[in-house]
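Here are my notes on the model, as numbered points. Please read them with the structure open.

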Amino acid sequence: MSDQFRVVFVGFNADTDSQNAMESLAVKLGVSKEKIVAFTQGKPLFGAADKNKCLKQAKLLAIYGFQSKVQPLQNSATSTAQVDTVANERVFEALDYITSSLIRIEEKLEELEQRIDVQAKSIDEKDDEHWQSDELFDELDLETEPKPKSKKLLYTLLVILFILLIVLGFSLAFPEMVKF
C-alpha cells in the first residue's frame, strides 16, 4: 500500500482577499463556504490520497490564493494499525467467550438429555408394571361365562332364512310364474 498524504492549509497569499478566495474555491469545488472556512481552521478539505493527487490539490488551492502543504499521514497509519490490533484482540476475546459459552451450553444439554432418558425409562417401567398389575381388572366386574341367551330368537331367524331360501329356489326353478 502506498503512503497516504493530506493537503493542509498554511495561510493565504499576501495579495489575496481571503473572503473572495474562499467564495471562489467553494464555487469551484461545489461545496459550502462553511467547509472552506473549516479548512482554514485546520479541518481537512480533501480525503487522504497518494502524493501526486495531493500535489494537484495543492496547485488548485494555489490558483485561488491559498498556501498549503502536503503532509504525510504515517502517524495516523500507525495509530490505525494499533486500533486494528486492539479491535482484533477484542474480537478474539469475544469469540473465545462465545466458544466457552457454547461448550458450557452443550454440556448442560447433555446432562438434561441424560436426565430425560433416565426419567423416560423409569416412567416406561412404571407404566409396564402398572399394566401388568391386576388392579385394573379387579375394578371391572368381569364374568368368565356369559349369560345364557334365549334360543327362541335364533330358531325364529333360522326358520325365516329357510323359508326365504325355498322361495328363492322356487323362483329360480319356475321363473315364468314369478312376475315383478
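1. Because its relative accessibility is 46%, glutamate 106 counts as partly exposed; buried means under 20% relative accessible area, exposed over 50%, and partly exposed in between (1.4 Å probe, protein chains only). Glutamate 106 sits in helix α4. Helices are DSSP runs of H or I with at least four residues, strands are runs of E with at least two, and both are numbered from the N terminus.

2. A word on the basis. This is a predicted model, in which local features need pLDDT of at least 70 and side-chain atom pairs count only at pLDDT 80 or more, while totals for chains, interfaces and linings use all residues. Residues are numbered from 1 along each chain as its sequence is written, and side-chain values use heavy atoms, with hydrogens and water left out.

3. Overall layout. The protein chain has six helices and two strands. Along the sequence they run β-α-α-α-β-α-α-α. Of the 180 residues, 12% count as buried. Contact means heavy atoms within 4.5 Å. Among contacts with a separation of 6 or more, 70% come from residues 24 or more positions apart.

4. Surface. The accessible surface of the protein chain is about 15,400 Å². Carbon and sulfur atoms hold 59% of that surface. Areas come from the Shrake-Rupley method with a 1.4 Å probe; for residues, only the protein chains shown count as cover.

5. Charge patch. Patch members have over 30% relative accessible area and no salt bridge; like charges are joined within 9 Å, and nonpolar side chains (Val, Leu, Ile, Met, Phe, Trp, Tyr) within 5 Å.

6. Nonpolar patch. Val91, Phe92, Leu95, Tyr97, Ile98, Leu102, Ile105, Leu109, Leu112 and Ile116 form a nonpolar surface patch. Together they have about 1,000 Å² of accessible area. Leucine 102, one of them, lies in helix α4, residues 74-132.

7. Salt bridge. How many salt bridges does a search of the whole structure find? It finds one. The criterion is a side-chain nitrogen of Lys or Arg within 4 Å of a carboxyl oxygen of Asp or Glu. The side chains of glutamate 23 and lysine 33 meet at 3.6 Å, N to O. This pair links distant parts of the chain: glutamate 23 is in helix α1 (residues 18-29) and lysine 33 in helix α2, 10 residues apart. Their C-alpha atoms are 6.3 Å apart.

8. Around that pair. Helix α2 covers residues 33-40. Glutamate 23 is partly exposed at 39%, and lysine 33 is partly exposed at 29%. Leaving out residues up to four places away in sequence, lysine 33 touches Gln19, Met22, Glu23 and Ala26.

9. Glutamine 57. Beyond neighbours within four places in sequence, glutamine 57 contacts Val7 and Phe46.

10. Proline 72. This residue belongs to strand β2, residues 66-72. At 40% relative accessibility, proline 72 is partly exposed. Proline 72 and aspartate 3 are 69 residues apart in sequence, yet 7.3 Å apart in space, C-alpha to C-alpha. Not counting residues up to four places away, proline 72 touches Gln4 and Phe5.
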